Amino acid sequence: MRSFSNLWYWIALAAVWSQTSRYVLGVPYDMIQRAGRHGGEAEIDLEDMVRINCNRLLYVAGVSGLWIVGFGAMLMTGLAMLGFYYDVEFAQAVFLLGAPMIVVGALSVNSARVIRDTALSGQPLRKFMHRHRIMTQFVGMIAIFVTALWGMYQNMTYGALGQ
């Protein structure tokens, strides 16, 4: 299973990061922009949606957070061992897709906690959501760069058709 020479892997990588940066804490970014342009009901809708998603995210983190962290750590450790110690390319590809999502998940929980604790609304909320999106895009940029470098290294080492 040659992952890094497969076009579908790169399409999936692009789709994952596109969707991750489009939704800021579960809120479509165009909704944030619309609230900034029009205000009024669009602003109220944004604040309600952010409140609902933040409360949902923090509830899940509070109730199941330790289990999610434990199983996530077990899964990522297994993928890292299979991929980089036993040289299973599919595990490397899944690890390079999933590991940055852990960073984005932790960033999202932290942002939700800040929004809830400081009761952000209006312009400060939109600014904070925009900053969260920029940080998510930065993580994605680094992740895509590292994945591309590793994928090129794998393809040059083993050849695109495998051995």
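Student: Is threonine 136 buried or exposed?
Tutor: In this predicted model, threonine 136 has a relative accessibility of 3%, and because buried means under 20%, threonine 136 counts as buried.

Student: Where does threonine 136 sit, and what does it touch?
Tutor: Threonine 136 is found in helix H5, which covers residues 122-158. Leaving aside residues up to four places away in sequence, threonine 136 touches Trp17, Thr20, Ser21, Val104 and Leu107.

Student: Switching to aromatics, how many aromatic pairs are there?
Tutor: The count comes to eight aromatic pairs. One of them is formed by phenylalanine 84 and tryptophan 150, whose rings lie 5.5 Å centre to centre with 65° between the planes, an edge-to-face arrangement.

Student: Which parts of the chain does that pair link?
Tutor: The pair links distant parts of the chain, with phenylalanine 84 in helix H3 (residues 41-85) and tryptophan 150 in helix H5, 66 residues apart. Phenylalanine 84 counts as partly exposed at 39% relative accessibility, and tryptophan 150 also counts as partly exposed, at 27%.

Student: Why is the pair of tyrosine 85 and tyrosine 86 edge-to-face?
Tutor: The ring centres of tyrosine 85 and tyrosine 86 are 4.9 Å apart and their planes stand at 90°, so the pair is edge-to-face. Both tyrosine 85 and tyrosine 86 are exposed.

Student: Which residues form the aromatic cluster with Phe84?
Tutor: Phe84 forms one aromatic cluster together with Phe95, Trp150 and Tyr153.

Student: And what sits over the rings of tyrosine 23 and tyrosine 29?
Tutor: Over the ring of tyrosine 23 sits the charged end of arginine 22, 4.9 Å from the ring centre, while the ring of tyrosine 29 has the charged end of arginine 133 over it, 3.9 Å from its centre.

Student: New topic: how much space lies in the largest pocket?
Tutor: About 700 Å³ of space lies in the largest pocket. The pocket is lined by 27 residues, and the closest to its centre are Met101, Val104, Gly105, Ala106 and Val109.

Student: Which element supplies the largest share of the lining?
Tutor: Helix H3 gives the largest share of the lining of the largest pocket, with 11 residues. Elements that each supply at least two residues of this lining are helix H1 (7-22), strand E1 (23-24), H3, helix H4 (89-118) and H5.

Student: How do the lining residues divide into nonpolar, polar and charged?
Tutor: The lining of the largest pocket has 16 nonpolar residues, 10 polar ones and one charged.

Technical notes
Residues are numbered from 1 along each chain as its sequence is written. This is a predicted model: local features need pLDDT of at least 70, side-chain atom pairs count only at pLDDT 80 or more; totals for chains, interfaces and linings use all residues. Side-chain values use heavy atoms; hydrogens and water are left out. Helices (H or I, at least four residues) and strands (E, at least two) are DSSP runs, numbered from the N terminus. Buried means under 20% relative accessible area, exposed over 50%, partly exposed in between (1.4 Å probe, protein chains only). Contact means heavy atoms within 4.5 Å. Rings of Phe, Tyr and Trp (its six-membered ring) pair if their centres lie within 6.5 Å; planes under 30 degrees apart count as stacked, over 60 as edge-to-face and the rest as tilted. A charge sits over a ring if NZ of Lys or CZ of Arg is within 6 Å of the ring centre and within 35 degrees of the ring normal. On a 1 Å grid over the protein atoms alone, a cavity is a set of points where a 1.4 Å probe fits but cannot get out, and a pocket is an open set with protein on both sides within 12 Å along at least five of seven lines; lining residues have an atom within 4 Å of a point. Grid points are joined across faces, edges and corners, and a volume is the space filled by probe spheres set on the points. Ala, Val, Leu, Ile, Met, Phe, Trp, Tyr, Cys and Pro count as nonpolar, Asp, Glu, Lys and Arg as charged, and the others, Gly among them, as polar.
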